[in-house]
Amino acid sequence: MVKVRFGVYDAPKNSGKKNGVCARVISYGTKRDREIYEYISDCCSLTSSDIKGVLEALTEYIGMQISYGYNVELDGLGHFSAAVRTKQEINENGKEVFRVNIDKVNFRCSNRLKEMIKRESPQKVERYNQKKNTLEERKGKMLEYLQANPYMNVTQYARQNGCTPYRAGIDIKQFVEEGIIKAEGYKTHKVYRLL
């Protein structure tokens, strides 16, 4: 039986952890929609195409209802709601105004889903990034990757260098400031290319 794996890492300096370490889940990877469609299809009489259509319609419905100001709860799965971001500004008349934008969708999983996940104890494994590469070594691997590929994201950088996404983000920020690479895209869709 495959179990949830975790590794122990040095905590970021500003995390407030007293002992300076924290545990993080080490994922086996990401299950994509095709595997989900096939799994559900095997469990019932619907085809993969039917399931794909249902999930697309469900996504559309959830997005529409949240944009109308409703929360959406799916029994056994969880609760979806809008999250807003507030920005305080001074307008042209010198008055303080607040701009509010919908920032993201919050998801709170159901108790049933939590209980399914909590049944097994996680298994500690040796973390994959114990050998610490120098910044120059990580930079070299990044440049080698970018010469063979059009772009790289933070996850690819972390995997390529055997480091945490936190470390990858710090490195990439430095490389952008040094003018080695440039950022394109926004938030989770941000990628980095050679200048």
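Predicted model: local features only at pLDDT ≥ 70, side-chain atom pairs only at ≥ 80, totals over all residues.
**Group meeting: a walk through the model**

Okay, let's start at glutamine 65, which sits in helix α2; helices here are DSSP runs of H or I with at least four residues, strands are E runs of at least two, and both are numbered from the N terminus. Residues are numbered from 1 along each chain as its sequence is written, and side-chain values use heavy atoms, with hydrogens and water left out.

So, is glutamine 65 buried or exposed? It's buried, at 14% relative accessible area; buried means under 20%, exposed over 50%, and partly exposed in between, using a 1.4 Å probe and protein chains only. Leaving out residues up to four places away in sequence, glutamine 65 touches Tyr70 and Val72, a contact being heavy atoms within 4.5 Å.

Now zoom out to the helix. α2 covers residues 48-67 and lies across β3, β4 and β5, at about 145° to β3. That angle is between N-to-C directions, on a scale from 0 to 180 degrees, with axes fitted to C-alpha atoms, for helices over the stretch in contact.

Those three strands make an open sheet in the order β3-β4-β5, with antiparallel pairing; we call two strands paired if DSSP finds at least two bridges between them. β3 (72-74) and β5 (96-109) are the edges with a single partner strand each, so one side of each has no neighbour in the sheet. From one strand to the next, the twist averages 25°.

Next, the largest nonpolar core. How many residues does it have? It has 13, and Met142, Leu146, Met152, Tyr157, Phe175 and Ile181 have the most contacts inside it. By core I mean buried Ala, Val, Leu, Ile, Met, Phe, Trp, Tyr and Cys joined through side-chain atoms within 4.5 Å. α4 (135-148), α5 (154-161) and α6 (165-177) each supply at least two of its residues. Beyond four places in sequence, methionine 142 touches Met152, Tyr157, Phe175, Ile180 and Ile181.

Last stop: β7 (residues 181-184) and β8 (residues 191-194), antiparallel over four bridges. Glutamate 184 stands opposite valine 191 in β8. The hairpin has six residues between the strands, and glycine 185 takes a positive phi near 95°.
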